[in-house]
Amino acid sequence: MAKGTIPIIGVLAIQGDYAAHAEALSESGAEPVEVRKPSELAGIDGLILPGGESTTVLRFLEKLNFFDVLRDFCGCKPVFGTCAGAILLAREVRNPPQRSLGLLDAIVERNAYGRQIDSAILTAETALPGGPLEMVFIRAPRMVEVGAGVQVLAMRDDFPVLVRQGSLMAATFHPELSSDRRVHRLFAESVAATRSNRAPVTTELAQRIRTGV
Ligand code: GLN
């Protein structure tokens with residue numbers, strides 16, 4: 001990426017494997033920033049919601065009075081949710097139902113691959129150029145339904161595992177745990193493109209980010 005266009009990408013650092021995402025972003029031409037409170041959303045061009053335990057992240061978001069501001073931020077800046085992060089982005093969560101940001105037009109079922117095969121490493125062709133991609137699944141959710149506006153970039157057993165919808169991206173696997181950086185590069189490039197189009201947050205949202213409400 002050309003100098004001056006390096007995107008600054010936040011990683012929600014409340015719980016989960018945010019450090020691995022930060023490293024993956026550095027290796028993908030972006031500058032990572034850890035985000036733990038609403039004011040830290042100011043000045044970032046995009047955000048990663050990492051994997052972990054969505055129930056725990058949700059509880060912290062509510063406790064920190066962060067849920068509503070985060071939803072509005074995710075509605076106007078590029079955001080990439082991986083695993084628990086994809087669960088948070090979804091329109092509907094099942095097994096069991098839980099609150100979500102409701103931005104990705106997908107129905108997501110948590111822990112959908114059963115106990116014995118709840119973690120797996122698959123290598124398969126995807127829509128990304130460059131050959132087969134390694135995908136690490138850990139107690140992964142399954143996208144049981146996606147809307148017509150959702151572009152599917154990779155599948156596992158006929159279910160989408162990597163998708164894009166406008167400026168949102170979601171994966172049910174953990175790209176940060178593989179050495180292949182194509183997925184993070186794709187996101188970093190989309191953030192850089194949005195950034196050069198200058199899509200600032202609204203004044204009202206900027207104010208709410210500052211005050212954390
Ligand atoms: N099982 C977790 C959940 O339901 C997600 C697992 C992960 O992020 N690796 O929130």
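Which residues of helix H3 (residues 67-74) are buried? The model is predicted, and in it the buried residues of H3 are Val69, Leu70, Phe73 and Cys74. They lie on the same side of H3, because they cover an arc of only 130° around the axis. In general, an α-helix has 3.6 residues a turn, so residues three or four places apart point the same way.

- The largest nonpolar core has 59 residues, of which Leu47 and Leu89 touch the most other members.
- Beyond residues up to four places away in sequence, the contacts of Leu89 include Cys74, Leu49, Val79 and Gly81.
- Leu89 also touches Ser100, Leu101, Leu103, Leu104, Leu168 and Ala170.

**The ligand**

- Among the residues that surround the ligand are Gly51, Gly52, Glu53 and Ser54, together with Cys83, Ala84 and Ile87.
- Arg110, Asn111, Ile138, Arg139 and Pro141 also belong to the surroundings of the ligand.
- Sorted by class, this shell holds 5 nonpolar, 4 polar and 3 charged residues.

**Backbone features in two loops**

- Asn95 and Pro96 are joined by a cis peptide bond, with omega at about -10°.
- Pro96 sits in the loop between strand S5 (90-94) and strand S6 (104-109), and Asn95 is in the loop between S5 and S6 as well.
- Asn95, a residue other than glycine, has a positive phi, near 65°.
- Asn95 counts as partly exposed, because it has 13 C-beta neighbours inside 10 Å.
- Asn65, in the loop between H2 and H3, is a residue other than glycine with a positive phi, near 60°.
- Asn65 has 12 C-beta neighbours inside 10 Å and therefore counts as exposed.

- Ala24 is part of helix H1 (residues 18-26).
- With 27 other C-beta atoms within 10 Å, Ala24 is buried; the cut-off for a buried residue is 20 or more.
- Apart from neighbours within four places in sequence, Ala24 is in contact with Pro175, Glu176, Arg181 and His184.
- Ala24 and Ser179 are 155 residues apart in sequence, while their C-alpha atoms are 8.3 Å apart in space.

Conventions
Residues are numbered from 1 along each chain as its sequence is written. This is a predicted model: local features need pLDDT of at least 70, side-chain atom pairs count only at pLDDT 80 or more; totals for chains, interfaces and linings use all residues. A nonpolar core is a set of buried Ala, Val, Leu, Ile, Met, Phe, Trp, Tyr and Cys residues joined through C-beta atoms within 7 Å. Two residues are in contact if their C-beta atoms, placed from the backbone, lie within 7 Å. A residue is near a molecule or strand if its C-beta atom, placed from the backbone, lies within 6 Å of it. Ala, Val, Leu, Ile, Met, Phe, Trp, Tyr, Cys and Pro count as nonpolar, Asp, Glu, Lys and Arg as charged, and the others, Gly among them, as polar. Helices (H or I, at least four residues) and strands (E, at least two) are DSSP runs, numbered from the N terminus. The arc is that of the directions from the helix axis to the C-beta atoms.
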